[in-house]
Amino acid sequence: MNAQQQLPKAYTGYNPLAEAMRQGTRLMNAYAAWLDLSEKDIEIATLEKKEVMRMGHISLYRYTPLVEKKHDTPVLVVYSQIGRFTMLDLQPDRSLLRNLLNEGYEVYLIDWGHPGRAERWMTFEDYVEDCIGSSVDFMCDACDVDKISLLGICEGGVFSTCYAALHPERIKALALTVTPIDFHADLDAPAEDMQGQISRWVQKMSEEDIDAYGHLPGEITGLFFLAMTPIKSLTKYNWDLPNALSGKREDVINFFRMEKWLADRPDHPGEAGRQWLMNLYQRNELVKGEFMIGENRVDLTRLSMPVLNVMALQDHIVPPPTSRPLRNFVPEENYEELEFDVGHIGTFVSKRACRALSDKLADFLAD
Amino acid sequence: MTNEFNTDEWMDANHRLLQVWTQQTQHWMEQMMTGDPTAIERPPLFEDLMGLSGKLISLGDAFAELTREIWQYQAFFTPAVYQMWQSYMLEKSSTMTNDQPNFESAVNNWFDYANTEMLQLQNSEEYLAASQRLGQAISRFKTCQRKISDYLLSRMDMPTQAEMDSLGRTIFDLKHEVRRLKDEIRSLKDKEMKSRAANDEPPTSTSLKEQQAS
């Protein structure tokens with residue numbers, strides 16, 4: 001009973017010619033749809049916005065309202081430096097930002113841009129105190145309020161948590177999505193659950209690895225993510241392609257929009273990367289109350305505002321066990337959790353999850 | 001045979017470098033003889049050539065190490081994938097029937113199986129150690145590369161990466177310092193406002209300065 005003997009018996013119904021025709025037809029249809037596309041069709045992040053403040057290569061945007069303002073407290077969206085905020089407005093029917101605007105919120109967003117070698121020494125202190133701090137000051141002045149609401153995503157959630165813990169008097173509500181708090185909580189998760197891989201890999205890294213580059217190259221971060229689904233990443237652009245495209249125009253457009261976002265992966269400034277990997281992933285300082293922003297220690301028990309913690313159950317980049325420990329630091333009456341049965345990105349690009357998340361946020365952030 | 005060949009190559013390379021240095025010395029002496037006053041500031045240094053050759057040798061070593069680690073990393077996967085295929089066929093053979101749905105779903109099943117197994121493999125200590133060695137080899141190669149580019153830039157009187165990094169660090173340190181001073185001024189102003197409100201006194205222009213000085 002070996003492999004060669006089993007194959008013919010198993011696939012007696014297989015007709016290679018018919019199979020090739022079927023897949024070929026799909027690819028031809030997809031190709032025809034692709035030929036018909038223009039750059040405009042696959043544009044992402046199309047919502048109108050205005051740059052209201054600039055901090056070096058970093059911009060603060062204010063989104064143009066779509067309906068009459070219904071809430072006094074503006075919302076600041078803080079995305080991760082790993083990846084681009086454009087995913088929050090991937091297309092009109094899957095746009096968290098559009099949904100918030102339609103609910104009458106005044107929405108601001110920090111675009112971390114594409115840091116270069118000159119930003120090598122940019123630290124968490126710069127992200128939190130300078131960039132978020134200046135943005136909060138600007139928004140409070142512009143909207144004539146004392147407090148704003150923060151919506152942090154992934155690493156942006158960590159920036160937001162740090163800011164909110166250091167300046168609780170300036171934050172009305174804190175919403176976190178797929179944000180790691182206890183970076184070691186998934187270290188012992190079984191490999192088949194696809195959790196804890198990043199933690200285990202990062203434990204083997206050294207500071208010299210970051211020094212050699214001066215930053216965390218976006219391509220390498222992307223490779224890490226691809227390696228988390230090793231075989232699926234290998235088959236994505238060949239075997240799985242006919243199914244992904246399926247020949248329908250809308251599917252082809254969605255595919256290219258997603259690819260466009262995936263290809264836009266900025267480098268991460270070296271010093272902040274060192275804090276992210278060494279202080280947080282290796283030494284787990286945030287949950288231990290040892291993480292420092294400049295000269296100030298981040299004490300999570302100072303999160304006195306209402307907190308919404310959103311997790312994705314299929315997330316293998318920030319698994320729920322790493323987010324959940326936040327509940328240990330926030331008073332029960334101020335803390336809410338929300339879970340979606342999707343992956344890390346699915347929280348924002350799955351039509352259903354995006355809608356549900358938007359509705360919950362609209363409720364949670366309401367004055 | 002290989003050692004002999006390497007020695008010959010090394011001798012040849014050093015002989016050439018020596019020739020370049022001799023020519024440079026000769027050229028420098030000619031400039032000195034013709035009365036070029038700036039020539040004295042630019043004497044040829046034997047260390048310059050040897051420094052570069054040392055860096056090139058380090059780069060060669062790092063490249064060899066990197067190649068070896070890449071091979072070992074790849075060699076780690078090849079037998080593992082073969083074993084995976086064998087165990088998959090053995091496992092599936094007991095459940096296979098003649099009415100297997102179609103070729104596509106069979107291949108998908110194999111990919112799913114391989115993906116899960118590969119994840120197990122990627123979390124094994126052997127794999128983590130191999131990828132750590134590969135990462136270290138890449139870092140060492142990049143560092144050697146940067147040392148050479150820094151060396152060449154400094155020879156051309158251009159700022160090196162290390163100098164630019166140092167400059168960048170100074171700028172960020174200054175930014176932090178400015179921010180701390182701003183915070184300090186803000187808190188002093190707040191204090192001043194509070195004490196003024198408490199005492200209901202007219203503001204004085206000197207009191208803030210006094211507090212800042214203290």
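The buried residues of H12(A) are Gly270(A), Glu271(A), Ala272(A), Gly273(A), Gln275(A), Trp276(A), Leu277(A) and Leu280(A).

Asn284(A) is not a glycine, yet its phi is positive. Its place is in the loop between H12 and helix H13 (285–288) of chain A. A second residue of this kind is Cys154(A), also with a positive phi although it is not a glycine. Cys154(A) is found in the loop between S7 and helix H5 (155–166) of chain A. The table sets out the two residues.

| Residue | Phi | C-beta neighbours inside 10 Å |
|---|---|---|
| Cys154(A) | about 55° | 24 |
| Asn284(A) | about 50° | 20 |

Burial is assigned at 20 or more other C-beta atoms within 10 Å. Cys154(A) counts as buried because it has 24 such neighbours. Asn284(A) counts as buried because it has 20.

Strand S3 of chain A (residues 75–78) is covered on both faces. In a regular strand the side chains alternate between the two faces of the sheet. In S3(A), Val75(A) and Val77(A) lie on one side, Leu76(A) and Val78(A) on the other, and all are buried. S3(A) pairs with strand S6 (residues 107–111) of chain A in the parallel sense over four bridges; within S6(A), Tyr108(A) stands opposite Leu76(A). S3(A) also pairs in the parallel sense with strand S7 (residues 148–153) of chain A, over four bridges. Here Val78(A) has Gly152(A) of S7(A) as its bridge partner.

Confidence in chain A is given by a mean pLDDT of 90, with 95% of its residues at 70 or more. Residues 1–10 of chain A stay under 50, and the model has eleven contacts for them beyond four places in sequence. Where pLDDT is low, the predicted coordinates should not be read in detail.

Chain B contains six helices and zero strands, in the order α-α-α-α-α-α along the sequence. Of its 214 residues, 6% are buried. Among the contacts in chain B with a separation of 6 or more, 61% join residues 24 or more positions apart.

How values were computed:
Residues numbered from 1 in each chain as written. Chains lettered and ligands numbered in written order. Predicted model: local features only at pLDDT ≥ 70, side-chain atom pairs only at ≥ 80, totals over all residues. pLDDT = per-residue confidence, 0-100. Contact = placed C-beta atoms within 7 Å. Helix = DSSP H or I, 4+ residues; strand = E, 2+ residues; numbered from the N terminus. Buried ≥ 20, exposed ≤ 12 C-beta atoms within 10 Å, placed from the backbone. Pairing = 2+ DSSP bridges.
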